[in-house]
Amino acid sequence: MTAAASTRRELRWASVEQTQDFGRRLGSLLQGGDVLVLTGDLGAGKTTLTQAIAEGLGVRGPITSPTFVIARVHPSLVGGPELVHVDAYRLGSALELDDLDLDADLDASVTVVEWGAGLAEQLCDTRLELTITGDDERTVELTGVGSRWDGVLDELAPAS
């Protein structure tokens, strides 16, 4: 894989409602083949964000953290891509992530990997990395790797 150019943006969310609104808007812009890598401490809002992304995509729920099953597939209810929701918290290496055979569904699905930093980058050259920090107010660093994300980030977080 070759290194792809990246675009960075930063947002602040002061409430769960802002997180959910962002997730629904993001979900409505996603397409099959998109990979999102979510990073943040416990309680940062990764699963809340994924639930809202699922709403925007129009997939079957409920969306819960797949910590113990590692991955769940949520089929579309509206004829769009399915959501593959992965929790890499318990995985020890990129090889363990590879064992899930996510690449079999990668082109047709939207794949969201919680706790994926350092593991999920191998899945594809093009991805959206979201790093969530903070307690009451969240700071979200969005890094779009590859040109696919330029327009998406312009719509979600216009450059100032």
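This note reviews the fold, the sheet, the helix packing and the cores of the structure above.

1. Basis of the model. The structure is a predicted model, in which local features need pLDDT of at least 70 and side-chain atom pairs count only at pLDDT 80 or more, whereas totals for chains, interfaces and linings use all residues. Residues are numbered from 1 along each chain as its sequence is written, and side-chain values use heavy atoms, with hydrogens and water left out.

2. Overall fold. The chain has four helices and seven strands; helices (H or I, at least four residues) and strands (E, at least two) are DSSP runs numbered from the N terminus. Along the sequence they follow the pattern β-α-β-α-β-β-α-β-β-β-α. Of the 160 residues in the chain, 46% are buried, where buried means under 20% relative accessible area, exposed over 50%, and partly exposed in between (1.4 Å probe, protein chains only). Among contacts (heavy atoms within 4.5 Å) with a separation of 6 or more, 64% are between residues 24 or more positions apart.

3. Seven strands form an open, mixed sheet in the order 1-7-6-2-5-4-3; two strands pair if DSSP finds at least two bridges between them. Strand 1 and strand 3 (71-74) stand at the edges with a single partner strand each, so one side of each has no neighbour in the sheet. Neighbouring strands are turned by 15 degrees against each other on average, direction ignored. Axes here are lines fitted to C-alpha atoms, for helices over the stretch in contact, and angles run from 0 to 180 degrees between N-to-C directions.

4. Strand 2. Five of the six residues of strand 2 are buried. Strand 2 pairs in the parallel sense with strand 5 over four bridges and, also in the parallel sense, with strand 6 over five bridges. Valine 37 stands opposite valine 113 in strand 5 and opposite glutamate 129 in strand 6.

5. Strand 7 and its partners. Seven of the eight residues of strand 7 are buried, so this strand is largely enclosed by the rest of the structure. Strand 7 pairs with strand 1 in the antiparallel sense over eight bridges; in this pairing leucine 11 stands opposite valine 140 and threonine 7 opposite glycine 144. Seven bridges join strand 7 to strand 6, and these two strands run antiparallel, with threonine 133 opposite threonine 139. Strand 6 and strand 7 form a hairpin with four residues between them, and glycine 134 in the turn has a positive phi of about 105 degrees.

6. Arginine 9. Arginine 9 lies in strand 1 and, at 14% relative accessibility, counts as buried. Leaving out residues up to four places away in sequence, arginine 9 touches Val140, Glu141, Leu142, Leu153, Asp154, Ala157, Pro158 and Ala159. Arginine 9 and alanine 157 are 148 residues apart in sequence but 6.6 Å apart in space, C-alpha to C-alpha.

7. Helix 1. This helix has 14 residues and reaches 20 Å from its first C-alpha to its last, close to the 20 Å expected at 1.5 Å a residue; the expected span is 1.5 Å times one less than the number of residues. Thr19, Phe22, Gly23, Leu26 and Gly27 are buried in helix 1. They lie on the same side of helix 1 because they cover an arc of only 135 degrees around the axis, taken from the directions from the helix axis to the C-beta atoms. The elements covering them include strand 1, strand 2, helix 2, strand 6, strand 7 and helix 4.

8. Helices across strands. Helix 1 lies across strand 1, strand 2, strand 6 and strand 7, and runs at about 145 degrees to strand 1. Helix 2 lies across strand 1, strand 2, strand 4 (83-87), strand 5 and strand 6, and runs at about 155 degrees to strand 2.

9. Nonpolar cores. A nonpolar core is a set of buried Ala, Val, Leu, Ile, Met, Phe, Trp, Tyr and Cys residues joined through side-chain atoms within 4.5 Å. The largest has 27 residues, of which Phe22, Leu26, Leu36 and Leu130 touch the most other members. A second, separate core of eleven residues includes Ile70, Ala88, Val113 and Ala120. Beyond its neighbours within four places in sequence, phenylalanine 22 contacts Leu11, Trp13, Leu49, Leu130, Leu142 and Leu156.

10. Cis peptide. Glycine 61 and proline 62 are joined by a cis peptide bond, with omega about 5 degrees. Proline 62 lies in the loop between helix 2 and strand 3.
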